[in-house]
Amino acid sequence: MKKRVLGFWEIWNMSFGFLGIQMGFALQNANASRILQIFGADVHHLSWFWIVAPLTGLIVQPIIGHYSDRTWTRLGRRRPYFLVGALLAALGLVLMPNADMFTAFMPAIWVGAGMLMIMDASFNVAMEPFRALVADNLRTDQRTLGFSIQTVLIGIGAVVGSWLPYVLTNFFGVSNSGKDGGVPLNLLLSFGIGAAILVVSVLVTVFRTKEYSPEELAQMSDQEEVPEDEKSSLMDIFTDFAKMPQTMRQLAWVQFFSWFGLFGMWVFSTPALAHHIYGLPVSDTHSETYQNAGDWVGVLFGVYNLVSAIFAFFLPVIAARIGRKRTHVISLIIGGIGLISMYFSPNQYWLILSMVAVGIAWASILAMPYAILAGSIPARKMGVYMGIFNFFIVIPQIINAFIGGPIVKYFYNENAMLALVTSGVSFLIAALLVRRVKDVDEIIETANE
């Protein structure tokens, strides 16, 4: 028994929920630091507040992967998990910018940090099963297309989420100045709209996608099924980690430096632009100019996500011609140069070119490692290994969260733009490490030619 070839729109609907997830994720990435600074966080403390996000991912994703491998309900195998994750993430989106409503119980900054934790934990609950769903439902020769379409939808959702505050202010006249120095109305509305779209888009995937049953997947797999009593322990995650495929170990280092760089960009972009490009003192986190800088960061994040959505359409063609590894190497180098170039930009508009380069790298980061990885993982372990693979996304973020703030304060003299330059260098290191990766599927394809 073999998996059937899926049509474009079937693959599109299968990943459509990622549009809403990434819209919410983009709102968080572009605005969480800004909101936390409004609530009173210092620039060199921002990375410490953000640490809750990767920590929850480190814990949540392997567990969700483990149990989703062993789940079968009326909604299927993966769908129950990303539906619950979407509902919880939507709740976090609504509550985070409204954290000052709870000041009677605790300071707004701690409520905001708590909502950031809930949001990111929920995004992680939703994201991992989506990755596994693509690997479950698609044949080997369609996986690059599947993860590329997923990247397109991620890009579209991220563009909408990143640009929404700027659009509400500049096209609909919604104020971007908060009452009494609080969270601006454009952010409050943006997070509410993002929550609604998140839920609706995930429901599209839930009701328009079918999954293969465990019995069907077992018939399609060349791997021998493990007896049921050996599959029930959560401690198997540690055994699976120790036995991870060689390709996964090699990709781990690529992911480490890729996501170390991404985390630095997400955390420090707003203070970097406000200080280095707009000329504001580090202590200014409430002025109209600071809010304009924050809105422009959203625009820039939208640019790199828009570019990634467009570039993702070309990734399968490029990878087919020059290979997935070479495609990823070139993309990471372009992205690294883009981040480093931000330091030399004469004004905020030149940063658009930098973000175009980052968008190319982002498209490849979201597609190529997963397409390479899927070919090396046993089908019955797809969920748990996709969850374990998340270790190499969140661990570099945790490390950056601990050291990023002190580095900015003590080594960069609070010039957060240098943190973005460091992110660019990290991308270049990741590109060098790609060359060591063994792409199993690509080797098989070459052997069969």
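Student: Which residues touch the most other members in the largest nonpolar core?
Tutor: The model is a predicted one. Its largest nonpolar core holds 129 residues. Within that core, the residues that touch the most other members are Ile 21, Leu 198, Met 265, Trp 266 and Leu 273.

Student: With which residues is Leu 273 in contact, leaving aside its neighbours within four places in sequence?
Tutor: Leu 273 belongs to the largest nonpolar core. A contact here means heavy atoms within 4.5 Å. With those sequence neighbours set aside, the contacts of Leu 273 are Tyr 278, Trp 296, Val 297, Leu 300, Met 342, Leu 351 and Met 417.

Student: How many residues are in the other core that lies apart from the largest one?
Tutor: Val 60, Tyr 81, Ala 121 and Val 125 are among the members of this other core. Its number of residues is five.

Student: How many helices and how many strands does the protein have?
Tutor: Helix 6 covers residues 108-137, and helix 17 covers residues 417-434. For the protein as a whole, the count is zero strands and 18 helices.

Student: Why is the protein as compact as a globular protein of that length?
Tutor: The globule rule gives 22 Å for 449 residues. The protein is as compact as a globular protein of that length because its radius of gyration is close to this figure, at 21 Å.

Student: Is Glu 128 buried or exposed?
Tutor: Glu 128 sits in helix 6. Buried means under 20% relative accessible area. Glu 128 has a relative accessibility of 1%, so it counts as buried.

Student: Is Leu 432 buried or exposed?
Tutor: Leu 432 is found in helix 17. The cut-off for exposed is over 50% relative accessible area. The value for Leu 432 is 62%, so this residue is exposed.

Student: How far apart are the mean positions of the positive and negative charges?
Tutor: The protein has 28 positive and 29 negative charges. The C-alpha trace spans about 65 × 45 × 40 Å along the principal axes.

How values were computed:
Residues are numbered from 1 along each chain as its sequence is written. This is a predicted model: local features need pLDDT of at least 70, side-chain atom pairs count only at pLDDT 80 or more; totals for chains, interfaces and linings use all residues. Side-chain values use heavy atoms; hydrogens and water are left out. Helices (H or I, at least four residues) and strands (E, at least two) are DSSP runs, numbered from the N terminus. The radius of gyration is taken over C-alpha atoms; the globule rule is 2.2 Å times the number of residues to the power 0.38. Lys and Arg count as positive and Asp and Glu as negative; His and the chain ends are not counted. The place of a charge is taken as NZ of Lys, CZ of Arg, CG of Asp or CD of Glu. A nonpolar core is a set of buried Ala, Val, Leu, Ile, Met, Phe, Trp, Tyr and Cys residues joined through side-chain atoms within 4.5 Å. Buried means under 20% relative accessible area, exposed over 50%, partly exposed in between (1.4 Å probe, protein chains only).
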